[in-house]
Amino acid sequence: MAVLGSGPAGFYTAYKVMQGIDNAKVDMYEYLPVPFGLVRYGVAPDHPEVKNCQDKFTEVASAPGFTFIGNINVGQDVALKSLTDRYDAIVFAYGASKDRKLKIPGEDQVNGIYSARDFVGWYNGLPEFSRLAPQLDLGDTAVVIGQGNVALDVARILLKDVDSLRSTDITDQALATLAKSKVKRVRVVGRRGPMQVSFTIKEVRELMKLPSVAFEPINRQLIPSNIPSLPRTAKRLTKLLMEGSTNQYTHVEKKWALNFLLSPVRFLSASSTTRSQLRSIEFARTKLIGSDPFDSAAQVEVTTDHQHISTPLAFRSIGYQSEALPGMSELGIHFDTKRGIITNDYYGRLLSLTHGAHIEEPLPGMYCAGWVKRGPAGVIANTMEDSFATAEAIIADWKDRAPFLGGGDGWDTLKMEIAAKGAHTVSWKDWLRIDAAEKARGKAVGKEREKFTNPHDMLNVLK
């Protein structure tokens, strides 16, 4: 079985399949020289406990029958068709490599607007964003558009005392930039109300407890009067928002706010020159509609009232998005560009799509897991459950003797084709050497690790 992607979805699927099918062999392909995907590059540096799943992944990778092939971009370094000729099954678990855009005027023309995904990748050392260089010293206000967990991660990193991050695995480059930051106030803006937010209790509680940071009280009219009768999670979240932070709003310098019922209209620059600096964001006020405006699924409609928020710094945090791999369509794999997922039967079996919207039988031996299966939502525990479901579908199909791909020797023969192209692959043993080098770099400066932010530096460790 080939697994494309070495994040939680890939590892959890591999683990369950290797448990359920005797003598299963799994080859895991990763486009970077290093494993763990979103765990390494998406989890906030001040949340080390969330990364503990890497221990389980290391256990899986150390098992007989498992092969890690890093630094290989499937679709470029090796054609997808080459995999279908050499495996019984392929699992697409490569996650979401892009972020959703607002598609409003100024978004691509004004300086000071960043994707939250890019910013998170930058401070976590993701190579493609190592040169992001966000300007955090142009003013005291930042606006985050979106009200999910990633939005709160951005707010927390901007407001947190930089010294509390120095022992984490955040990059030195990020530490230096954050140390010079002038941001003292962060507004986290959403189109709907407090009863429709996407962030979790854990994330907002952490922000409420930040030392020397205060929360701006929210409008009580946006909260239902019958708080005790709300469902348990909604009740806990509502109480937390009403209680606010322990620091008094007028007594501290750093502050943050949740601004509701605002839909971004356009980004305004300081001048009419090309690529000038962001000056403000224009929002349209929205209003909740429907019989119950406090329902978690309540929608909004845009009004004619507008509001401007002055800021030189904005972060777009409205979700991630997966992309199709080169060669998918030639194999009959349908990628739903609107939803950003591979068309599947909910259990992870890929479905062909021909003659318009007519869905045929599952594609033999083709499966998906994680965000590319269900969309970019949830936490690692959700991905684990989702991946286990895909693995159980694979196991059931194998035991039921359902059609699979043609089979073959997998990486044992494919590696000769890759070597002939001059590609430098990274094994699990190689990754352990890179891992040790990063930890040694970190130890020298009092950190858990200092990540390499350039693939060439990772590969140089192996020379």
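Figure 1. Two or more lining residues come from each of strand E2 (26-30), H11 and helix H12 (411-420). By class, the lining comprises 11 nonpolar, four polar and seven charged residues (nonpolar: Ala, Val, Leu, Ile, Met, Phe, Trp, Tyr, Cys and Pro; charged: Asp, Glu, Lys and Arg; polar: the others, Gly among them). Helices (H or I, at least four residues) and strands (E, at least two) are DSSP runs numbered from the N terminus. In this predicted model, local features need pLDDT of at least 70 and side-chain atom pairs count only at pLDDT 80 or more, whereas totals for chains, interfaces and linings use all residues. Residues are numbered from 1 along each chain as its sequence is written, and side-chain values use heavy atoms, with hydrogens and water left out.

**Figure 2. Helix H1 (residues 8-20) packs on helix H11 (residues 380-399) at an angle of about 40°, with the axes 8 Å apart.** Axes are lines fitted to C-alpha atoms, for helices over the stretch in contact, and angles run from 0 to 180 degrees between N-to-C directions. H1 is therefore oblique to H11 (under 35 degrees is roughly parallel, over 145 roughly antiparallel, 65 to 115 roughly perpendicular, and the rest oblique). The crossing of H1 past H11 is right-handed, that is, the near helix is turned clockwise from the far one by less than a right angle, and anticlockwise if left-handed. Contact (heavy atoms within 4.5 Å) involves residues including Tyr12, Tyr15 and Val17 of H1 and Met384, Phe388 and Ile395 of H11. This contact of H1 with H11 has 11 nonpolar, five polar and three charged residues.

**Figure 3. H1 also packs on helix H3 (residues 53-61), at about 50° and with the axes 10 Å apart.** H1 and H3 are therefore oblique to each other, and their crossing is left-handed. Pro8, Phe11, Tyr12, Tyr15 and Met18 of H1 meet Cys53, Lys56, Phe57, Val60 and Ala61 of H3. The contact of H1 with H3 divides into nine nonpolar, no polar and one charged residues.
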